Amino acid sequence: MSLDKVDVIDAISTARDGSAIFLTIIDGWDWSDELQHLLALQAKFNAYFDFVQSGQIYEVRPEALRKNIWINLLTRHPLTEKAQQFLAIAEKAAAQLNVKIEHRILPPNASGSAASPP
């Protein structure tokens, strides 16, 4: 999965202690076309926000009603300055849905999509 599949939740998991549900975005794109990458990332976040706001998450994971919800953004490459600014805005939008966002950079040998944007 990747940013090119906007309508797909890349991964859903539950915290080991059962306290949270994690929705994961796997971003393997590089930043050679920053604008296209930011637009794709925005579309993906909007789809995840809609998944939560529409209640679909509770159909897929009914136990999410009693759990914290996190969106994990896993990137292959460090965020650019503009991407960091975008993520700060996304965090504010997520907070309105009682969702938190976490960003991590995948180690070079981690599995996941490494596709570049079309």
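This is a predicted model: local features need pLDDT of at least 70, side-chain atom pairs count only at pLDDT 80 or more; totals for chains, interfaces and linings use all residues.
**Exercise 1. In which sense do β3 and β4 pair, and over how many bridges?**

Solution. Start with the pair itself: β3 and β4 run in the parallel sense and share seven bridges. Helices here (H or I, at least four residues) and strands (E, at least two) are DSSP runs, numbered from the N terminus. Two strands count as paired if DSSP finds at least two bridges between them. One example is Leu74, whose bridge partner in β4 is Arg104.

Residues are numbered from 1 along each chain as its sequence is written, and side-chain values use heavy atoms, with hydrogens and water left out.

**Exercise 2. What is the strand order of the open sheet, and which strands stand at its edges?**

Solution. Step one: the sheet has four strands in the order β1-β2-β3-β4, and the pairing is mixed. Step two: β1 and β4 (99-105) are at the edges with a single partner strand each, so one side of each has no neighbour in the sheet. Step three: on average, neighbouring strands are turned by 25° against each other, direction ignored. For such angles, axes are lines fitted to C-alpha atoms (for helices over the stretch in contact), and angles run from 0 to 180 degrees between N-to-C directions. Step four: β1 pairs with β2 (residues 20-27) in the antiparallel sense over four bridges, and the bridge partner of Thr14 in β2 is Ile21.

**Exercise 3. Where does helix α1 lie, and which of its residues are buried?**

Solution. First, place the helix: α1 (residues 34-53) lies across β1, β2, β3 (68-75) and β4, at about 160° to β2. Then check its length: its 20 residues reach 28 Å from first C-alpha to last, close to the 28 Å expected at 1.5 Å a residue. That expected span is 1.5 Å times one less than the number of residues. Now look inside. Buried means under 20% relative accessible area, exposed over 50%, and partly exposed in between (1.4 Å probe, protein chains only). The buried residues of α1 include Leu41, Phe45 and Phe49, and the buried set packs against β1, β2, α2 (56-60), β3, α3 and β4. Just after α1, Gly55 has a positive phi of about 90°.

**Exercise 4. Which residues of the largest nonpolar core touch the most other members?**

Solution. A nonpolar core is a set of buried Ala, Val, Leu, Ile, Met, Phe, Trp, Tyr and Cys residues joined through side-chain atoms within 4.5 Å. Of its 27 residues, Leu23, Phe45, Ile57, Ile71 and Ile101 touch the most other members. Who supplies the most? That's α1, with eight residues. Zoom in on Ile101: leaving aside neighbours within four places in sequence, its contacts (heavy atoms within 4.5 Å) include Phe45, Ile71 and Leu87.

**Exercise 5. Is Asn72 buried or exposed?**

Solution. Find Asn72 in strand β3. Its relative accessibility is 5%, so Asn72 counts as buried. Beyond residues up to four places away in sequence, Asn72 touches Phe22, Leu23, Thr24, Ile25, Glu102 and Arg104.
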